[in-house]
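Hi everyone, thanks for having me. I'd like to walk you through a protein model, so please have a look at it with me.

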Amino acid sequence: MDATTAPHRIPPQMPLYGETNHIFELMQNMLEQLLIHQPRDPITFMIDHLQRNNDDVPRIIILGPPASGKTTIAMWLRKHLNSSHLTMENLMAKEHSPLAAAARKHYQATKSVPSTLFIRLMEERLSEEDCVQRGWILDGIPETREQVLAIQTRGIVPRHVIVLSAPDTVLIERNLGKRVDPQTGEIYHTTFDWPPVTEVQNRLVVPAGISEPETARNLLEYHRNIIRILPSYPKILKVISADQPCVDVFYQALTYVQTNHRSNAPFTPRVLLCGPVGSGKSLQAALLAQKYSLVNVPDSIVAKVLGQRLDEHDCVQQGWVLHGFPRDLDQAHLLDHLGQKPNRVFFLNVPLDSVIERLTLRRTDPVTGERYHLMYKPPPTMEIQARLLQHPKDAEERVKFKVDLFYRNSPELEKFYKQAIAVNGDQDPYTVFEHLESGIIHPLPSKAL
């Protein structure tokens, strides 16, 4: 047979290694950096890039109108992510930098900094060790489309862009009460966030440019620029309402910057569904197998044979969904020892009352073999109802025992599968399926940065 048309027999270890070590993303990042920087010596450049090991550090842009709270959110993110917070002010205030001195001189004369000078200053700052190793947060930068294009041509590419939004009337009112601590740079508000310490209260100052006419002019300028900036970041942009408590804005921003964007890497689902008896694992496994052509592997396969089944060509090529196994930590270790590592694990949580309602009311007609449920699918006649039988495994005591056994073992399983996703299984099956599908097609969230 012609080798070019023969079916590819890919060892199961190969895709697992590539996925575990993010080989596709690694090669993609290196190729992007090579094309952006176009070094004379690509090999040395790639070695240096790999040694920096900073592809996953935060690279965040926060934009928003005056008084939207972007500096507060940026400072909180800086503390939480241990990244560098960059603003126009602290870039120009940098000591021992000819570029910063030139920017200050220009700003004092014209109240603005030429984009070319500003981008060079920012590029100089981003090349410093703290930004390279810990990442950065640009606060209110870029301000114009000209700056956006200049940033992009220098290879400064954010991973997440957050835009804060609020009605102008709210922003004007909020801006009038803004106060700044000159020692720490912390921002307070006379109504919404007044410091409890008297010493801090006494040293607060009114920042320049917060009067109503000045704020209105700044808002108009912002609206003119932002509509030309947003199209530059279509796939990494999130708009968050700033007209809500600052803590809520922060947690929405933090959640977003801890998400991973969808990758173009080949992905073969290996799905593990865990849940008590009656949680709907079998139905969800069937739905996933049907939609994504996964191999639906029943839990009745003996563990020794299970490893062989998951190593077969269809499972390696198409992926698989396994439900009902492992039931405890020992079985999880056995599955891991067989080299079968799921890349998505879901726990379907259903309360005991709902499980009892689902299972103990199931009946079978011994004449026709038809299955009924006394609540959801009652028999059509009294004659049929009179002859219905209950399977011994659906007896309430046995159901309670199995559910109790699962929830006694689940904490150890959840600890073993640290990236597992909890799903409320006590809702419509197709709603549950939508949650599972979302968890499969989107990257797993970062637990911490």
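Let's begin with lysine 291 and glutamate 437, which form a salt bridge whose closest N and O atoms are 2.5 Å apart. Please keep in mind that we are looking at a predicted model. Where do these two partners sit? Lysine 291 is in helix α14, residues 281–292, while glutamate 437 is in helix α21, residues 429–441, so this pair ties together parts that are 146 residues apart in sequence. And is glutamate 437 buried or exposed? With a relative accessible area of 14%, glutamate 437 is buried, because the cut-off for that word is under 20%.

Let me show you a few others. Arginine 309 and aspartate 314 meet through their side chains, at 2.9 Å from N to O. Here aspartate 314 counts as partly exposed, at 24% relative accessibility.

Another one joins lysine 377 to glutamate 370, and again the closest N and O atoms are 2.9 Å apart. Lysine 377 is partly exposed at 40% relative accessibility, and glutamate 370 is partly exposed as well, at 34%.

Salt bridges can also link up into a network. Which residues do that here? Lys94, Glu124, Arg125, Glu128 and Asp130 are linked in this way.

For contrast, let's visit a proline. Proline 276 lies in the loop between β8, residues 270–274, and α14, and α14 is the helix that holds lysine 291. How accessible is proline 276? Its relative accessible area is 0%, so proline 276 is buried. If you go from proline 276 to methionine 46, you cover 230 residues along the chain, and their C-alpha atoms are separated by 49 Å.

Finally, let's step back to the whole chain. The chain is divided into domain 1, covering 57–258, and domain 2, covering 270–441. How far apart are the centres of domain 1 and domain 2? Taken over C-alpha atoms, those centres are separated by 49 Å.

That's my tour, and I'm happy to take questions!

Technical notes: Residues are numbered from 1 along each chain as its sequence is written. This is a predicted model: local features need pLDDT of at least 70, side-chain atom pairs count only at pLDDT 80 or more; totals for chains, interfaces and linings use all residues. Side-chain values use heavy atoms; hydrogens and water are left out. Domain bounds come from an automatic or database domain assignment. A salt bridge is a side-chain nitrogen of Lys or Arg within 4 Å of a carboxyl oxygen of Asp or Glu. Helices (H or I, at least four residues) and strands (E, at least two) are DSSP runs, numbered from the N terminus. Buried means under 20% relative accessible area, exposed over 50%, partly exposed in between (1.4 Å probe, protein chains only).
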